[in-house]
Amino acid sequence: MMDLARLLPVLGLFAFMLPLLGGPEGISRTATNLVYFFLAWFGLIVMAWALARRLSREGLDGEEGEVREGGDGR
Amino acid sequence: MITFNMLVVVCLTYVVLLFVVAFVAERRAAAGRVAWLRSPLVYTLSLSVYCTAWTFYGAVGYAARSGLEFVTIYLGPTLVLIGWWVVLRKLVRIGKTQRITSIADLISSRYGKSNVLGVIVTLMAVVGTTPYIALQLQSVTLSFAVFAERGPAQWAMGDLNATALWVAAGLALFTVLFGTRNLDANERHHGVVTAIAMEAVVKLIALLAVGLFVIWGVAGGLGEMLTRIEASPLAETHFNSGRWVGLTFLSAAAIFTLPRMFQVLVVENADERHLATASWAFPLYLFLMSLFVVPIAVTGLRVMPEGANPDLFVLTVPLSQGQEGLAALAFLGGFSSATSMVIVAAIALSTMVSNHIVMPLWLHWKEAGATVSGDVRKIVLRARRISIAAILVLGYLYYRLTGGSEVLAAIGLVSFAGVAQVLPALLGGIFWRGATRKGAAAGLILGFATWAYTLFLPSFGPGVAMSAEIMVNGPFGLDWLRPQALFGVTGIDPVVHAVFWSITLNTFAFFAVSLSGFPSPMERLQGAQFVNVFEHSSGARGWSHGAAEAEDLLMMAQRILGSREAQALFQRAASEQGKAGYLPEPTPEFIERLERELAGSVGAATAHAMVGQIAGHSSVSVEDLMAVADEAAQIMEYSSQLEAKSEELARTARQLREANEKLTEISEQKDAFLSQISHELRTPMTSIRAFSEILMEGAALSEDQLTRYSSIIYEEAIRLTRLLDDLLDLSVLERGQVSLNRQRGNLRELLDRAVAATGSLDTQARMAIARDPASEDVALMTDTDRLSQVFINLIANAHKYCDAAAPRLTIVVRRLPEGTAVDFIDNGTGIPKKSQDIIFEKFSRLGDHSSAGGAGLGLAICREIMDKLGGSIAYLPGQGGAAFRVILPASRAEAA
């Protein structure tokens, strides 16, 4: 799960840089690109959401000491 | 039709609302109701200071000029946020364990608490941020101008400048009011953060409303919108790979190197878990902010006349369609974006300036530094207020000097590139233990210089800050040093060129210098702390044992943290060491912990210097270095168990030793007292016997003699009775047979009575008594007679023992979590530390105050009484004289 957390930004980078390859002279339709970017972006947000839920649930069970320590900082 | 005056009214109402929100949030926080204020939602919304007026208005302008490229400004932060587990989590944890107050503090603290680095980063931040503040002022005045042009009365340029001035002044007032209310030990500003969160909602709603309007109100649906995009000048996207990658990198770096972002992301973070929520919620916010940018830009290009400023489409498109209300909402959105950025940036910069420039200078000028009297907090807060005003004045001046919109519009990216120079030192610092102070300084200075030379100075336009000659041919005709074509690399975009070279040279210098040198012990300790923050969050030990006096440390801590917080901290530490009272052993662990608390207020470097003035120079022992080395990790594991056990033993031993010392002392006192009490009893007895014998013999005594002898017998008998009364009182109290007579009373009246009752002791009226009647107005439900007995005893003691030339007794009433505290503080020599532990014991009399005449039972009786009343009495060290604190329990002391 934590490895996935580390991989997610790499996946995002890949998704956001992919259109640079498109088109013979790097020219493509804006409307298509627009739809692509917002879909990819939204997909990433949903994945980050699912991951954050998993991680904070595991964090509460598995790493209690660590989490509590963070809480004590105040 | 919205008139200009109406707009001003709307704007002022909005500002008043901001003040009210901030004020209510501060009140709630002060009352301890922070659950809602510290929710992940507020945290996420506060991150939106990233979206300034530059992004609110400018994104549409950007899209109208270069199509999709504007989205890179949001993609970078998205990548960083969804990768929170890797970098942000570590930064936030370090921020918490090391009490980091700003990005300059982080760099300074990481590299051995070096203030030089703090100063460099602070200066870079000020240079990079001031133009950005000017940009916000400009965007507000331009948006005002859009409305003003439509009004009947034409606006002159002077009015625009006046607007900018008023906006700057209003922002300074808000920031000073809510940003420097207190010197919080962890630098959190609830009022500001809540107001920022509200502004985040306003700007999101405003932009979404305009976007929905252009799609369904103007174009008439999604499909139609896409067709219009296809038909617009933006139909084709020309990807410029260099700019695309470069800008994504730049915005990713900016999200944690911009001072204002660091402030909301790390410093204001209340709980690490909020980061998990923000990791998807903040990208979602950015997603929504950029969703309608292209449609608005396309619509603007279509409906607005040729040559209209695309930066203002968000305002002018609704206006041209007759949507006055929507335009006003959009105006508020832009206003929110500008104000929230300026407020947070001013707080972040003022913290850096006061902690890294003003405080070190102040410490340097005051040779005695940490040990002189006076409240340091006032100086820090004043420095912050002045810095905030100065930063806004700078921003305003910059706005006036550059004036034209062309120069300022480009400054957003220029500013991003400037602060991104911190990135190598920051990432290197938290992931690589070999990074050194010199490496960081070299990288920062080289990167910053390259940035200034290739991007910042040319950004003013040719011939302003840099001559056109240099731009074309390079300095001294050196072709390969042309600012926008370093080393002969031509043909790339100036921003990408500058970012590439500055970051590359910066990183090279950072690594090369770090590798060629060797980190000092202090840097190694801090480095290990930062890099391995998840493995061991315990403190580094930089202090040798026993050099500091706990009382001196307390005096210093009181002046930075405030007396209440400092006393609570010391008391807690003392009780953890198994000691009673306010003075813990000044162990290295304790000094380290104290230093970290202080760092939360004045920054790591200043705190280190201040503690250093008292504790002597810090030293790093062999064990500490072993803790740093990985090879020692296993040994550490094993020995830490032993250490825990031996610590336990040491604590028990300390308690036993203390108990033993006390017992010995008490037993000695008892012996002394027994001989004294027999003496005290025998003297009156002897005279009573002698005089009654004379009377019995009945010799020829005159009337006069008769009266005199019998009155002597009478007075001696009274003295005996009083002594026996005291003893009886004490033994009754001790055995718990006393019945309390609870009744209503008022603290001020009790104190009045006690002061009046002791007035006869001070026949020449030498003692000045300072009180604050307003704070004394506390209703009590207690045995008022017994309580005033305690007060009378304490005041009488001050009369008897205060040996100052002009004796003065200060009575202070304050509220503490555990109840109402009444402090009696005189200005005499006080009680020596070795005696502080025993003054509450029976029969204890310090030295031989024959003049005082008591039997040493007064304070013992006081303690028993306070015990029975459910409160306590203790000696309060470090007040510059003898000081006693009486605590009345909370439940029985209710506010009047």
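Modeller: Two residues are in contact if their C-beta atoms, placed from the backbone, lie within 7 Å. This is a predicted model, in which local features need pLDDT of at least 70 and side-chain atom pairs count only at pLDDT 80 or more, while totals for chains, interfaces and linings use all residues. Residues are numbered from 1 along each chain as its sequence is written, and chains are lettered from A in the order in which they are written.

Colleague: What makes up the contact between chain A and chain B?

Modeller: Chain A gives 34 residues and chain B gives 40 residues. On the side of chain B that touches chain A, the largest share, eight residues, belongs to α14(B), where a helix is a DSSP run of H or I with at least four residues, numbered from the N terminus.

Colleague: Why is A:Phe16 called buried?

Modeller: A residue is buried if 20 or more other C-beta atoms lie within 10 Å of its own, exposed if 12 or fewer, and partly exposed in between. A:Phe16 has 22 C-beta neighbours inside 10 Å, and therefore counts as buried. In chain A, buried residues make up 24% of the 74 residues.

Colleague: Where does A:Phe16 sit, and which residues is A:Phe16 in contact with, leaving aside its neighbours within four places in sequence?

Modeller: A:Phe16 belongs to helix α1 (residues 2–17) of chain A. With those sequence neighbours left aside, A:Phe16 is in contact with B:Leu75 and B:Thr248.

Technical notes. Helices (H or I, at least four residues) and strands (E, at least two) are DSSP runs, numbered from the N terminus.
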